[in-house]
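Hi,

Here is the structure I promised to pass on.

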Amino acid sequence: MATLQSSGLGPSGIVPGPLAQLPWRIIGLVVAIGMFGLVVLYSAASGSMTPWALNQGLRFFVFLAMAIGLSRVPETFWALGAFPMYIVIVVMLVGVELLGAVAGGSQRWLDLGFIRLQPSELMKPVIVMAMARFYEILPAGEIRKFGAIWPACVLLGIPAGLVMLQPDLGTALMICFGAVTVMFLAGIPLRLFIGGALALAVAAPLAVNFVLHDYQRNRVMIFLDPESDPLGTGYHISQSKVAIGSGGVFGKGFLQGTQSHLDYLPEGHTDFALATMMEEWGLMGGFFLILGFGTLIRWGIGVSMRAQSRFARLTAAGLSATIFYYCAINMAMVMGLAPVVGVPLPLISFGGTAVMTFMICFGILLSIDRQSRRVQRW
Amino acid sequence: MVRITEAAQAYSFSRRAVVLGGIQGAAALVLAGRMTWLAVFENERYRLTAESNRVRLTLTPPRRGWIVDRNGIPIANNRTAFRVDMIPDRMEDKEKTLGLLQQILSLSEEEMARIRTDLKRASGFQPVQVSDSLDWERFAAVSVRVPEMPGVQPTRGFSRNYPLAAGVAHLVGYVGTASAEQYQKEKDPLLVAPGFKLGKDGLEKTLEDRLRGTPGAKRVEVTAHGRLVKELATRPDQPGETVKLTIDALLQEYVARRLGTNSGSATVIDVENGDILAMVSMPAYDPNSFSDGISRNEWKMLSEDDHVPLMNKALQGLYPPGSTVKPMNGLALMHAGVDPHARVVCSGAMRVGNGVFHCHKRGGHGPLDLKNAIMQSCDIYFYEMVRRVGYDAVAPMARALGLGQKFDLPFSTQRFGTVPDSAWKLKRYKQAWTVADSLNASIGQGYVLANPLQLAVMASRLASGRQLVPRLLADTPRQEAPPLAATPEQLAIIRDAMFGVINSGGTGGAARIQVPGITLAGKTGTAQVRRITMAERASGVLKNASLPFKLRDHALLVCFAPADKPKYAAGIVLEHNGHTIRNLDTPMIGRDIMTFLFDRKRAMDSLHAEEPTWGGDYRTRMAAQAQAFSTAQNAPPPEAPEDAAEAASTVASEAANATTSNTIDSSAAERGSVEAD
């Protein structure tokens, strides 16, 4: 990690200072993954920049610029702004719920005129920061007490519940995972996690039966027994496995995928983009993505380890974990290891909100990294 | 205190961060492992799945193997057929195209409805048949206008052709489209490919595996929604095997024509090796029109005909063999120790128990030895002699000569009759064998039943002295033919008697052959199908000509030629012939068939001379019959059965049952009087 952390073009003077300070290697990695994603989308559209690759490319660079911009925001802004942002987004979530109720039917976005904003997406990084902020404020001695747990549960429960109502199981899970990861890192007693895991094991079947919507329950059931529905939802998983498996080690070659080009693979440009990619690029393409994201996440954890404040540490680790969950849940789902829950693969799947969420996480990580390095330099 | 706790917290954080990193690393390994598993270890399986997703096969039906006669003359072959199919996926304006096609091909509303249903069911790239067996003009008319009708595909295919038409119907059967049940059973997509037909009856059915061939395939790349993307390599079809029969096609056609208007069958066997040279059952359906799909009218006509054209009489017809068993009886009697020169006095009738058994000759034949008894077909001689030795001594010889024997021939349905004896009767009817049973059996009536092929085999075995086994497929090995349990002297007596039947004032004088140097030996037979009451006998037995068709006697003949050095044997059975028309009776038909084998020109000349007297050859007569029938049909025709084969076999078995019940009627006559010529 040392090489990445100390990356940069150095104070050569040719490049303006603020730009020279950026960790260009890790940004280069993100650009590499993003470009690879565009190549996949180009192929998914049967060798065409439209309708996906061009659109996605524009968003990628706009949001990358935004991330670099975010890197200039001081850490204290994030710490102080965590709760206000949290409240604003919860209000927006309620607003979405109300709009949906008025319009009759479920709605996930707010139309702000220039952008359709999904508040649930913004909640993914914000919940991490809110939790981090909560544990920063919490006196160190309180960490093993009940007072360290219930406010966190409330903080988590409100947005997770609202998102579940939408209903969006994937995002709700991501919010929970991000928050619970921060709680774990903050030092909540281990027995609570073990107990919680056990409780979850008991509650899961009940949740499946009483909380989930029919289509969600269906997906879980089909995940447990894909053969039960080879032409319905199980079709997604089996065709995706066929695409990945038929790609072999080196893939069928760029633009040569048959599963995706002949429409056998559903959602080949969104949630199942990994299968589209691996059909053409094979195991090598898959390893590249795992290594790429792995390096990125390790860098994120490295950032958290070097961070000076408790808030920065927890936020950096939590955001890295959020990126990890994105990748891991999507990959597991596409390869038949997890139910189909609708989590995209960041930078590869087509969709503006996923790019935005990823870039917010990345921008905040860059900001914390910049902060800690400035401290070190001094 | 707080500082220490914060330090502890920082320590706990980095410890837990390491744990988290470890969990994430483990997750990455699991994901990488899963990828490797799918892409490396299951690669083969998924590659095949992806390939079968991508590529759809459109099968092109293989050219069906020919069926040829012993000299290579085709009995069943393929002729070019013009057909028009539609590829639903390529059609643009479906209604316009269908309308144009209907106009060009003059399709009926019924056919249009069928096409619409097929179109709805078909997936996008699978051709739907519009019409097959088009003539050239209509095919050309469609071909010219193809640019206006995207998706319409005129193709040259093949359809089955039987040059001898009805003459080979019961021998080869016919082909047709596969039924839903057959597809359910075989699951072979070829069965539903447009233009594919499989054997429905006869050899076409039993030799299906050899005749079918391997389909060609058009490989096309399609999307998940069935849209055709591009055409890939095409594999040509492998035509089916050519199957050679022992049949002589020219003889087969001659026999079919020579049977004339009779409802009957004739089988000719090569006495040197058992090869079946001809096996004809007439009247018959035209397998060409059956294979194209038969019209309702034609179906109704065939199923209502009392000459049962839907039954293969040679193998499925069972008849009391009548007097044709007398030479066999003679051999059995000698084998049982009866002196062939011992005489029996025939007074015209014989009393056994309560019954009186009559000879066909009212005044009686006077004293007769075995040879004369066969020549004159005296019933009393055989009554008396079989009464002496018992029928259980005759039955083994009957079986050795092929009666009641099942032959391993490639036909799905064969009925092989009965050779009764006391054990059989006890088992079947739980009754003891009676003397009357022996007497009835001795003149080929009562419980005795045989099919025409068995009679021909009997003739061939008497002629050769060996237990020849009939053979139909030229590539199956000939079976061993062990000698009969008879001395050459005994066989000579029988052959001499059969020579006498035809050439020395016997009952078959009309069969005397005209070819110089060739003589025919044989034995005629008449099988009564009704009971003759005492009252009728008193007032004079009714002449067959005055009886309705179904009550007339069956006429039979077994014969072989040349009498001195047998080469060919034949068995002829004419249902309800009644000996009413001389040149359509068994002796002359037998004579002409044998004449054909030795002098084709003479036989053909006489056939050409005589055929007009009975309305021409079978093609002419069938066309006339169909014309007359459809003119007579004013009422709407009944529903044609979906599967002609099944219906045909039902009709056939009903007809066969009818025949059996006839014979039971005649056996019921046992107490009264039974006679055979």
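**What turned up**

A:Met305 sits in helix 13 of chain A; helices (H or I, at least four residues) and strands (E, at least two) are DSSP runs, numbered from the N terminus. This is a predicted model, where local features need pLDDT of at least 70, side-chain atom pairs count only at pLDDT 80 or more, and totals for chains, interfaces and linings use all residues. Residues are numbered from 1 along each chain as its sequence is written, while chains are lettered from A and ligands numbered from 1 in the order in which they are written.

Back to A:Met305: it counts as partly exposed because it has 19 C-beta neighbours inside 10 Å (buried takes 20 or more other C-beta atoms within 10 Å, exposed 12 or fewer, partly exposed is in between; C-beta atoms are placed from the backbone). Its C-alpha atom is 8.5 Å from that of A:Ala316, 11 residues along the chain. Leaving aside neighbours within four places in sequence, A:Met305 is in contact (C-beta atoms within 7 Å) with B:Ser14 and B:Ala17.

As for the two chains together, the contact takes 40 residues from chain A and 35 residues from chain B. On the chain A side, helix 13 gives the largest share, 11 residues. That side divides into 24 nonpolar, 13 polar and 3 charged residues (nonpolar is Ala, Val, Leu, Ile, Met, Phe, Trp, Tyr, Cys and Pro; charged is Asp, Glu, Lys and Arg; the others, Gly among them, are polar).

Chain A overall has 15 helices and 2 strands, and 50% of its 378 residues count as buried.

Cheers
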